[in-house]
Amino acid sequence: MPLLPCVEVNPNGDPDSAVIWLHGLGASGHDFEPIVPELGLPESLKVRFVFPHAPSIPVTINNGFVMPAWYDITEMTIDRKIDTAQIEASAKSIHDLINREIDSGIPADRIVVAGFSQGGAVGYEAALSFPHRLAGLMTLSTYYATHDTLQHNPANADIPIFVSHGDLDPVVPPLLGQKAFQLLLAQGYRPEHKTYRMEHSVHPEQIVDIGAWLQRVLK
């Protein structure tokens, strides 16, 4: 299978770490590209940001309209009935991108997986099942869709996890972010959880916190 097409933002000099950041439903790899310079990362932290584009598929809740999506959503219920097989396939595509970064010389434990909304659901699946220790998992305004089917890999049993959500989110209710946090705790992980006064978006305070968290896990 060919690798997903990506937008890449490279540091000055050779990268020594990477963040693979997945966008939400209907968006593209360009969605979070403008955030990179706002993160306040020091020049000494040589991070390559990789923003993959999801394939375009029919989405049931949008009347079958074809749009960029990591998986199909078939019902707008609180627990989000989704296509688990498609999430697993998308996670495999992210594993391929992680392996590409490893092949380029970046160690697995210097690679962060991040995702917003749909991308975050895939991020959970991709990071927690990956067979080598990663630097961290960051999930934004999302939910833990495959918590009862995911094949957890012990290599990432103690991975740093940052869960964040808007407390006014009308798309992915805050309850689902809180539920993800509680499920992670029940599975033995030690996630951080923070909410922001926002809807289904990104908050300036959140961007500052993301930058600080990335500096901690990639120090």
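Predicted model: local features only at pLDDT ≥ 70, side-chain atom pairs only at ≥ 80, totals over all residues.

**Entry 1: a salt bridge to begin with**

Which side chain meets that of arginine 197 in a salt bridge? I found aspartate 167 there, at 3.2 Å from N to O. I counted a salt bridge wherever a side-chain nitrogen of Lys or Arg lies within 4 Å of a carboxyl oxygen of Asp or Glu. The pair links distant parts of the chain, 30 residues apart: arginine 197 is in the loop between β9 (192-196) and α4 (204-217), and aspartate 167 is in the loop between β8 (161-166) and α3 (174-186). My element names follow DSSP runs, numbered from the N terminus, with helices as H or I of at least four residues and strands as E of at least two.

I then checked accessibility, where buried means under 20% relative accessible area, exposed over 50%, and partly exposed in between (1.4 Å probe, protein chains only). Arginine 197 is exposed at 58%, while aspartate 167 is partly exposed at 30%.

**Entry 2: ground rules**

Residues are numbered from 1 along each chain as its sequence is written, and side-chain values use heavy atoms, with hydrogens and water left out.

**Entry 3: the other salt bridges**

How many salt bridges does a search of the whole structure find? I got 10. One of them joins the side chains of glutamate 8 and arginine 100, at 2.8 Å from N to O. Glutamate 8 sits in strand β1 (residues 6-9) and arginine 100 in helix α1, so this pair ties together parts that are 92 residues apart in sequence. Both ends came out partly exposed: glutamate 8 has a relative accessible area of 36%, and arginine 100 has 26%.

Aspartate 96 is partly exposed at 22%, and lysine 92 is partly exposed at 47%.

**Entry 4: the sheet**

In what order do the seven strands of the open sheet run? I read β1-β3-β2-β6-β7-β8-β9, with mixed pairing. Here two strands pair if DSSP finds at least two bridges between them. β1 and β9 stand at the edges with a single partner strand each, so one side of each has no neighbour in the sheet. The twist averages 15 degrees from one strand to the next, taken between axes that are lines fitted to C-alpha atoms, for helices over the stretch in contact, with angles from 0 to 180 degrees between N-to-C directions.

I looked at one pairing in detail. Strand β6 (residues 111-116) and β7 run parallel and share five bridges, and alanine 114 stands opposite methionine 138 in β7.

**Entry 5: a hairpin**

Next I turned to β4 (residues 56-59) and β5 (residues 65-68), which run antiparallel and are joined by four bridges. Serine 56 stands opposite proline 68 in β5. This hairpin has five residues between the strands, and asparagine 63 takes a positive phi near 60 degrees.

**Entry 6: pockets**

I searched a 1 Å grid over the protein atoms alone; a pocket is an open set of points where a 1.4 Å probe fits, with protein on both sides within 12 Å along at least five of seven lines, and lining residues have an atom within 4 Å of a point. Grid points are joined across faces, edges and corners, and a volume is the space filled by probe spheres set on the points.

The largest pocket has a volume of about 300 Å³. Of its 14 lining residues, the closest to the centre are Met1, Leu4, Pro55, Ala89 and Ser93. Helix α1 (residues 84-103) gives the largest share of this lining, six residues.

The second largest pocket holds about 200 Å³. Its lining includes Val9, Pro11, Val36, Lys46 and Phe49.
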